[in-house]
Amino acid sequence: MPELPEVETTRRGIAPYLEGQRVSRVIVRERRLRWPIPEDLDVRLSGQRIERVERRAKYLLIKAEVGSLISHLGMSGSLRLVECGLAAAKHEHVDIELESGLALRYTDPRRFGALLWSDDPLRHELLSKLGPEPLGGSFDGERLFQLSRARSMAVKPFIMDNAVVVGVGNIYATEALFAAGIDPRREAGSISRARYLRLAEEIKRILAHAIERGGTTLRDFVGGDGQPGYFQQELFAYGRGGEFCKVCGSTLREVKLGQRASVYCPKCQR
Ligand SMILES: [Zn+2]
């Protein structure tokens, strides 16, 4: 599933080819995504210049002169640039053709993604209640500490709650808790301020590092086939249940927290 670093990598990859370009037409081959693509998307977007490509949480906002396209990649979506008119394979549902001769192509085998239109995207119901960006100035350990007081839920689902901070998916929550030495099962309200300050720093460090790694594959967003170049994570805990801890050699344990698999080291995390 594309997580925040992949979405940011996508934004950086496509933005230089979109910003300042005028849309010549929109071709929709399959309208049925998580929500239907608006019938009038071609009418609304064609002829408009794209001003900015921004990101909020895991949503990409393609801002035109009037209105914005809100895109979410869902479970399996991707965006890349192709030559206009390149024959579409299965699952390549939408082309946004530009006057440059390139087209932004949306591919999504499982169709859990979204392409929606909004005149004011930050006030759209999907975006209006989101918490702060993890790499922005309004997210820090003090926020985690304050919001967690008297909360009895486990710390891992707490930091994955979009109202607390956006974009901390299962991979990054698992890895940040490992790096901060915090057991993912601990009650959110029982963790000290000092440990939350450390945890917030680890969330920022790990997400920033993943975005930096993704940045080395930007050329893959133009031409070629298949997925843009997402990147292998250097994982300490995520997906490694039953394997040896890279730090202490103990066997990593796996539990379910909030319906999600959660791997931790019983020695390094407490
Ligand atoms: Zn360990």
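1. A nonpolar surface patch of about 300 Å² is formed by M1, M75 and F112. Patch residues have over 30% relative accessible area and no salt bridge, and nonpolar side chains (Val, Leu, Ile, Met, Phe, Trp, Tyr) are joined within 5 Å. Areas come from the Shrake-Rupley method with a 1.4 Å probe. F112 sits in the loop between β7 (102-107) and β8 (114-118). Strands are DSSP runs (E, at least two residues), numbered from the N terminus.

2. The model is predicted: local features need pLDDT of at least 70, side-chain atom pairs count only at pLDDT 80 or more, and totals for chains, interfaces and linings use all residues. Residues are numbered from 1 along each chain as its sequence is written, and side-chain values use heavy atoms, without hydrogens and water.

3. Which phi values deserve a check? Most residues other than glycine have a negative phi. A57 has a positive phi of about 55 degrees. A57 lies in the loop between β2 (50-56) and β3 (59-64). A57 is buried, at 5% relative accessible area; buried means under 20%, exposed over 50%, partly exposed in between. R111 also has a positive phi, near 60 degrees. R111 is in the loop between β7 and β8 and is partly exposed, at 29%.

4. The structure holds 23 salt bridges. Each puts a side-chain nitrogen of Lys or Arg within 4 Å of a carboxyl oxygen of Asp or Glu. R105 and E92 meet at 2.9 Å, N to O. This pair links strands β7 and β6 (residues 92-98), 13 residues apart. Both R105 and E92 are buried. Shared partners join E8, R11, R12, R55, R56 and E133 into one network.

Technical notes
Patch = residues over 30% accessible without salt bridge, like charges linked within 9 Å, V, L, I, M, F, W, Y side chains within 5 Å. Helix = DSSP H or I, 4+ residues; strand = E, 2+ residues; numbered from the N terminus. Buried < 20%, exposed > 50% of the residue type's maximum accessible area, 1.4 Å probe, protein only.
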